[in-house]
Amino acid sequence: MTAENPATTSNNPIRSWLKDIFLDWDRTQMVICFLLVLFLALTPLFISSTYYLGIIILATIYAFIGISWNIVAGFTGQLLIAHIIFLAIGAYTTIVLFNTYSISPWVGILIAGVVSGLCGVVVAFITLRYGLKVDYFALFTIALMVALRTLFLKWDYVGGAVGMWFSLTDPSFDKMIFANKAPYLYIALSLVVIGLLVQYRIYRSKMGKYFLAIREDDDAASALGVNTSRYKMLAVVIGAAMAGIGGGFYMMYVTFIEPPQVFNLGLNIEIVMAGPIIGGLGSLAGPIVGALLNKPFAEIMRGALAEGRSGNSLIVYGSFLILTIMFMPRGVTGVLHTIYRRILNRLNPRNLGDS
Amino acid sequence: MALLEVSGITKRFGGLVAVNDLDLSLDKGQILGLIGPNGAGKTTAFNMISGFYQPDEGQVIFDGQDITGLRPDQVCKLGVTRTFQVVKPFPQLTVRDNVMVGAYNRTNDRKESRKKAEKIIEFLGMKDMREMAAGSLSVAYRKRLEVAKALATDPKIILLDEAMAGLRPTETDEMIELVREISRQGTALLLVEHVMRVIMSLAERIVVIHHGEKIAEGEPQQIVQDKSVIDAYLGEVEIDVTG
């Protein structure tokens with residue numbers, strides 16, 4: 001670790017600063033993340049096609065949603081499969097507040113985060129109260145998603161089967177409606193930056209260590225003084241609240257929502273799970289790296305295989321996911337980590353195996 | 001009054017009485033051995049004291065406070081930490097992070113917990129391994145890590161569940177020295193152990209249980225001459241020979 005490394009005490013401040021960052025894998029990952037954010041922020045300069053910009057905006061939203069799931073599934077290891085529930089609730093909260101009560105989406109999205117977070121409390125309470133773990137936890141969330149789809153289909157207050165939408169004809173900052181795509185990208189990127197910082201803070205803190213300990217061994221963690229129920233709930237609530245905020249913004253970007261579209265396992269895989277799994281579940285850079293590979297790949301396949309039978313692109317996309325999991329079980333970040341350690345060992349064998 | 005006062009704890013699993021009306025008492029800084037043939041109920045007793053099982057009857061009093069039925073993390077917060085017979089490292093975390101999880105029991109500060117973890121890792125002679133993933137350690141060091149994690153929680157009592165089973169003789173000797181040093185620093189220990197050499201050289205008092213019931217209690221020298229103890233153990237040997 002850097003603190004014990006005599007070389008870092010060299011009198012060159014820039015060198016020691018660089019060592020502080022690059023001898024620490026967590027910080028190195030953050031550098032990768034922010035380089036990606038920077039790249040995304042610059043894309044409007046050289047991409048003018050609204051189609052491609054649209055893909056990039058969605059990928060950015062997916063990165064944020066991926067971070068929210070990573071905190072639950074990646075850090076604490078809870079198999080919250082149908083995480084999209086919280087995105088859907090956030091999206092519905094935002095649009096109901098906007099359409100029915102004329103509340104600005106800027107406020108609505110924050111309220112969406114609170115509402116989704118509270119739903120997270122309920123989900124966590126039920127699963128903890130009845131000791132639902134691993135596969136049972138996963139099944140419970142899927143069942144809940146199906147139940148909510150039916151409920152929302154019958155519920156006129158949220159538009160029922162017709163769904164809800166708003167018109168883009170009157171762009172204004174207050175209503176979070178913009179005439180071109182760039183503002184959407186920058187809002188999404190701000191969310192991602194906040195998400196990355198929150199994730200990093202959690203990861204490096206006591207809470208983060210406790211989350212990982214719970215993932216690795218529940219009983220061992222509680223023997224060391226970890227209130228596992230409390231921390232499991234905390235993770236679900238944080239993840240749910242973030243997904244709610246992301247869902248609110250997703251609503252404002254896609255402009256239309258109906259129950260079968262959002263209470264849907266297919267979209268759940270695309271929007272929530274694929275990114276972190278491709279990128280490396282439980283790692284800091286995983287969600288954003290994965291989202292940037294996942295969404296564009298899915299779109300390119302959809303475009304390239306549009307002719308012929310519909311569904312061809314899904315076969316290719318599914319195979320891509322399976323191959324990724326087979327050959328990179330720890331995701332792209334896992335591969336990067338291996339390379340990183342090799343480089344570090346070659347430079348200085350004494351730094352062997354930093355976390 | 002004793003630091004840990006266990007009175008009449010009983011645990012039944014269906015028709016099986018795993019532990020029946022067991023009394024234990026442990027003073028500050030003392031080492032108490034808990035022995036008995038396989039399936040005698042030693043680990044079940046541990047699980048009840050540390051909060052993993054609720055006793056069906058009886059009480060566990062720690063430091064004058066009734067801790068019966070508290071959760072494991074609450075028991076740990078108060079100062080009773082257990083290790084596991086089947087070691088439970090956090091395999092993907094580094095050795096240091098493993099110990100830090102324990103150290104966070106008494107602090108919220110990252111630096112402080114890290115400093116404490118480093119100190120304990122050094123005490124256990126694992127300094128060179130602190131960046132290694134716990135899952136890649138050898139059995140001997142996994143056992144040591146188990147002790148390190150427990151120690152990091154700043155306990156008044158450590159419940160060691162067969163911390164030396166499966167170790168080579170030299171490794172066992174090193175572990176005995178470590179336990180002795182921990183005890184010297186004022187931490188009381190309750191040892192469950194199969195290796196008689198360990199118990200005999202460490203424990204000040206020994207409690208023998210058989211079929212969930214206490215059959216003898218006393219100093220090590222008394223215990224090895226106790227008829228009921230010899231019967232319990234020799235009975236087992238006899239079956240081994242004929243079977």
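Let's start in chain B, with helix H1, residues 42–49. H1 lies across strand E3 (31–35), E6, E7, strand E8 (188–192) and strand E9 (205–210) of chain B, and runs at about 150° to E7(B). This is a predicted model, in which local features need pLDDT of at least 70 and side-chain atom pairs count only at pLDDT 80 or more, while totals for chains, interfaces and linings use all residues. On naming, residues are numbered from 1 along each chain as its sequence is written, and chains are lettered from A and ligands numbered from 1 in the order in which they are written.

A few terms before I go on. Helices (H or I, at least four residues) and strands (E, at least two) are DSSP runs, numbered from the N terminus. Angles run from 0 to 180 degrees between N-to-C directions, and the axes are lines fitted to C-alpha atoms, for helices over the stretch in contact. By contact I mean that the C-beta atoms of two residues, placed from the backbone, lie within 7 Å.

Now the sheet with those strands. Six strands of chain B make an open sheet, in the order E6-E7-E8-E3-E9-E10, with mixed pairing. Strands count as paired if DSSP finds at least two bridges between them. At the edges sit E6 and strand E10 (213–218) of chain B, each pairing on one side only. On average, neighbouring strands of this sheet are turned by 15° against each other, ignoring direction. Which way does E6(B) pair with strand E7 (residues 157–161) of chain B, parallel or antiparallel? The two are parallel, over three bridges, and B:Val80 has B:Ile157 as its bridge partner in E7(B).

While we're here, look at B:His211, in the loop between E9 and E10 of chain B. Its phi is near 50°, a positive value in a residue other than glycine. Most residues other than glycine have a negative phi. With 16 C-beta neighbours inside 10 Å, B:His211 counts as partly exposed. The cut-offs: a residue is buried if 20 or more other C-beta atoms lie within 10 Å of its own, exposed if 12 or fewer, and partly exposed in between, with C-beta atoms placed from the backbone.

Chain B has another open sheet, with four strands in the order E2-E1-E4-E5 and antiparallel pairing. E2 and strand E5 (65–66) of chain B are at its edges with a single partner strand each, so one side of each has no neighbour in the sheet. Seven bridges join strand E1 (residues 4–13) to strand E2 (residues 16–26) of chain B, and B:Val6 stands opposite B:Leu24 in E2(B). E1(B) and E2(B) form a hairpin with two residues between them, and B:Gly14 in the turn has a positive phi of about 60°. E1(B) also runs antiparallel to strand E4 (residues 57–62) of chain B, joined by five bridges; there, B:Thr10 has B:Glu57 as its bridge partner.

So where does chain B touch chain A? 27 residues of chain B are in contact with 22 residues of chain A. On the chain B side, helix H2 (72–78), strand E6 (80–82) and helix H3 (95–103) are the elements that give two or more residues. By class, that side has ten nonpolar, eight polar and nine charged residues. Here Ala, Val, Leu, Ile, Met, Phe, Trp, Tyr, Cys and Pro are nonpolar, Asp, Glu, Lys and Arg are charged, and the others, Gly among them, are polar.

Over to chain A, which has 15 helices and two strands. Of its 355 residues, 44% count as buried. Its C-alpha trace spans about 65 × 55 × 45 Å along the principal axes.

One helix pair to look at: helix H12 (residues 265–279) and helix H13 (residues 286–304) of chain A pack at about 115°, with axes 6 Å apart. Their contact has ten nonpolar, five polar and one charged residues, and A:Glu270 of H12(A) and A:Leu293 of H13(A) are among them.

Last stop, A:Val134 in helix H6 (residues 134–154) of chain A. A:Val134 is not a glycine, yet has a positive phi of about 45°. Is A:Val134 buried or exposed? With 10 other C-beta atoms within 10 Å, A:Val134 is exposed.
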